[in-house]
Amino acid sequence: MAIILLLLLFVLNGADGTQIVGGGDAPPHSRPYMASLQFRGQHFCGGSLIREDFVLTAAHCRIARAMTVVLGIDSLEGNETTKQVFTTIRNIPHPSYDGHQNDIMLLQLNGSATLTDEVQLIVPKSGRLGRRSRCITAGWGDIGDNNTLPNTLQEVNVTLLSLRACRRRWGRVPIVSTMVCGTGSRFFQGFCSGDSGGPLICNGEAAGVVSFSGRRCGNPRTPDVYTRVSSFTDWISSVLNSNPVNEHRAV
C-alpha cells in the first residue's frame with residue numbers, strides 16, 4: 001500500500017505538467033517540432049510533431065475534452081505569424097498505460113500542419129540509446145519550481161543514467177526497461193510541472209517523453225524519468241499506418 005501511495009504522489013505531481021528548471025532560452029524556432037497542448041487558452045503539457053497530423057505526448061496528459069495544439073511558436077503569449085493551431089479529434093494512449101508505466105500517447109489533429117522553417121517533424125528514435133548520447137529536453141513549464149512561467153521556450157542539457165543507477169536512487173518506485181532516466185549537469189536542473197509530454201531529444205531524434213520526477217524539480221536524488229520511445233515504435237507505426245494523413249490544412 002505504501003508503494004502505491006508513493007506512486008500516486010509522483011504521478012499526480014507529473015499530471016500537472018512538468019517544467020524546465022535551471023535551463024535557458026532555446027534559440028528562436030530551433031525546436032520546430034515542439035507543440036504546446038492547451039485547454040481554454042492555458043498551456044498544460046508539451047508534445048512533439050511526428051507526422052503532419054499526429055503529436056507524440058504523455059498518456060497522463062490526457063483530458064476528457066478536445067484540446068488545442070499550437071505549433072510554430074517560441075512564446076506562449078505572443079501572436080506569432082508562424083503559429084499554426086489545431087484541435088484534437090482523438091487521444092490514443094498506449095493500451096497498457098497503468099498510471100505509471102507505458103506513459104505515452106498519440107494525438108490526432110483535425111488537420112495537417114504545413115511544414116515550414118518553424119514547423120517541422122521529429123523522428124521517433126527506434127535504435128538503441130547510448131549513454132554518451134547528446135540530449136536535451138525542452139518546454140514551457142515552470143522555470144523556478146515556484147510557478148514562475150517562462151516568456152519563451154526553455155531547454156536544458158540532459159545526462160543519461162543507467163537503469164541500475166536510476167533504480168538505486170528511486171528506491172521502491174519501479175523503474176523499468178521502457179523508461180530512460182536523466183539529470184542535469186548540476187543540482188536542480190531538469191524538467192518540472194508544465195513540461196510533461198515534451199520530448200527528450202538525443203542526436204536530433206525523439207528518444208523519450210517527459211513522464212515523472214520527484215517532489216523537487218531537477219533533484220538528481222530522484223532523476224527525471226522519461227518514457228523510452230524506442231520501446232514503442234511498433235505501436236506508433238501501427239497507429240499511424242491505420243490512420244491515413246488528413247489533408248486538411250490549418251488556416
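Which pattern do the disulfides of the protein follow, with bonded cysteines counted along the chain?

## Pattern and basis

The disulfides follow the pattern 1-2, 3-7, 4-5, 6-8. The structure holds 4 disulfides, a disulfide being a pair of cysteine sulfur atoms within 2.5 Å.

This is a predicted model, in which local features need pLDDT of at least 70, side-chain atom pairs count only at pLDDT 80 or more, and totals for chains, interfaces and linings use all residues. Residues are numbered from 1 along each chain as its sequence is written, and side-chain values use heavy atoms, with hydrogens and water left out.

## Cysteine 45 and cysteine 61

The sulfur atoms of cysteine 45 and cysteine 61 lie 2.1 Å apart in a disulfide. The link is left-handed, with -85 degrees about the S-S bond. It joins distant parts of the chain, 16 residues apart: cysteine 45 is in strand S3 (residues 42–51), and cysteine 61 is in the loop between strand S4 (54–57) and strand S5 (68–71). Strands (E, at least two residues) are DSSP runs, numbered from the N terminus.

Cysteine 45 and cysteine 61 are both buried, meaning under 20% relative accessible area (1.4 Å probe, protein chains only).

## Cysteine 135 and cysteine 202

Cysteine 135 and cysteine 202 form a disulfide with sulfur atoms 2.1 Å apart. Because cysteine 135 lies in strand S8 (residues 135–139) and cysteine 202 in strand S11 (residues 199–202), the pair ties together parts 67 residues apart in sequence. The link is right-handed, at 110 degrees about the S-S bond.

Cysteine 135 is buried at 5% relative accessible area, and cysteine 202 is buried at 1% relative accessibility.

Definitions and conventions:
Helix = DSSP H or I, 4+ residues; strand = E, 2+ residues; numbered from the N terminus. Buried < 20%, exposed > 50% of the residue type's maximum accessible area, 1.4 Å probe, protein only.
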